[in-house]
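Okay, thanks everyone, let's get going.

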Amino acid sequence: MPVDFPDAKDFPQFSIRSEHALDRMAEKRGDRGWLEERLAAGGSRFLLLANLSLAVNSNADRSETSLRWHSAGEIGKLGLDRTRAILLGCDAGGHGVFAVSLSEAEASSVPGGMDALKPLVDLRSLALQGALSSQDLSVAGMARALAAWHDVTRWCGRCGAETRPRDAGWRRECTACEQEFFPRADPAAIVLITDGTRCLLGHHKRYAHKFYSTLAGFVEPGEDIEACVRREMREETGITVGEVTYMASQPWPFPHLLMVGCWAQALTTKLTLEEDELHDARWFTAEEVRRMMAGNHADGITVPGPHSIAYALIKSFADRCGA
Ligand SMILES: [Zn+2]
């Protein structure tokens, strides 16, 4: 059956995205004078992360949560070296916004460090709870993605010596051979597959019980997005994919992906699952998808929340088909 793809301009909203974050001030990252001024300024704000979890303000049952910001003075009192702060950008008032990433061992060695860090909450839980605004989620996502990259880039992949952060945390340089390393955003295709009347959603082994989502996979070297979608779907589900159309993309901070969201036409519908990864995949009608989104599907199946592009892909199908 021919597939009527939606127009990318009608694609639904989702909350973690770069337009909701900050002015990134990329041109100022190497300007030491500007940076030192911002690092010491009264209006600057610092977000603390320990083992990639975020320090937040929260009431006992976590029904109200916000990012916990520290001033330059508070960072100084904790004995943290401000020069290790990563510049996330400037807010609407022109104030510097930074992240400082610690290991829990480091935090516990700083007087008052553990208090400054409690409670620590994983960003994925915060996103699922819907506790943070789009802007806070997007800023926290950027901080987590950068912190995760710094964590695995401490040593030079070329000569094995230590690397040091440069340019306000946007570059690392080897102390021995001067090899440079830049923050990564790994591309992955995430795809709404449809046969014209139904869409294909999968349940991965790592997912919560009865949680289904759009299928996704990493782009390999030498591959474009369309080829990636066709290969991944053939490998994971046995489906042959025809036309592939780009809809929208999303920075996904687990750990630092760029999700490229597409619709794709299924030319075949018989499923042969690659069960090592994918526990189940099924075809769902738009009516079923609407029930899953509303939380009243007969089998109790749920789908991702509005922080993710997966939600927007699924919603675009529910909006488009069989309404
Ligand atoms: Zn090196």
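This is a predicted model: local features need pLDDT of at least 70, side-chain atom pairs count only at pLDDT 80 or more; totals for chains, interfaces and linings use all residues.

The protein chain splits into domain 1, which is 8–16 plus 185–320, and domain 2, which is 31–135. Their centres, taken over C-alpha atoms, sit 33 Å apart. Each side brings five residues to the contact: five from domain 1 and five from domain 2.

How much area is buried between domain 1 and domain 2? About 510 Å², and carbon and sulfur atoms give 70% of that. On the domain 1 side, the residues that lose the most area to domain 2 are Ser-15, Phe-254 and His-307, and together they make up 77% of what that side buries.

Phe-254 is joined to Pro-255 by a cis peptide bond, with omega at about 0°. Pro-255 lies in the loop between β14 (241–252) and β15 (257–266). There's another cis peptide bond between Lys-118 and Pro-119, where omega is about -5°. You'll find Pro-119 in the loop between α4 (113–117) and β7 (120–121).

Strand β5, residues 86–90, is mostly covered, with five of its five residues buried. It runs antiparallel to β6, residues 96–102, and four bridges join the pair. If you want a landmark, Leu-87 stands opposite Phe-98 in β6. Five residues sit between the strands of this hairpin, and Gly-94 in the turn has a positive phi of about 85°.

That one is a glycine, but which residues other than glycine have a positive phi? Met-25 is one, with phi near 55°, and Asp-167 is another, at about 50°. I'm flagging them because most residues other than glycine have a negative phi.

Met-25 or Asp-167, buried or partly exposed? Met-25, in the segment before α1 (32–40), counts as buried because its relative accessibility is 14%, under the 20% cut-off. Asp-167 is in the loop between β8 (163–166) and β9 (171–174), and at 30% relative accessibility Asp-167 counts as partly exposed.

That's my tour, happy to go back to any of it.

Technical notes
Residues are numbered from 1 along each chain as its sequence is written. Side-chain values use heavy atoms; hydrogens and water are left out. Buried means under 20% relative accessible area, exposed over 50%, partly exposed in between (1.4 Å probe, protein chains only). Helices (H or I, at least four residues) and strands (E, at least two) are DSSP runs, numbered from the N terminus. Two strands pair if DSSP finds at least two bridges between them. Domain bounds come from an automatic or database domain assignment. Contact means heavy atoms within 4.5 Å. Buried area is the accessible area (1.4 Å probe) that two parts lose on being put together, summed over both.
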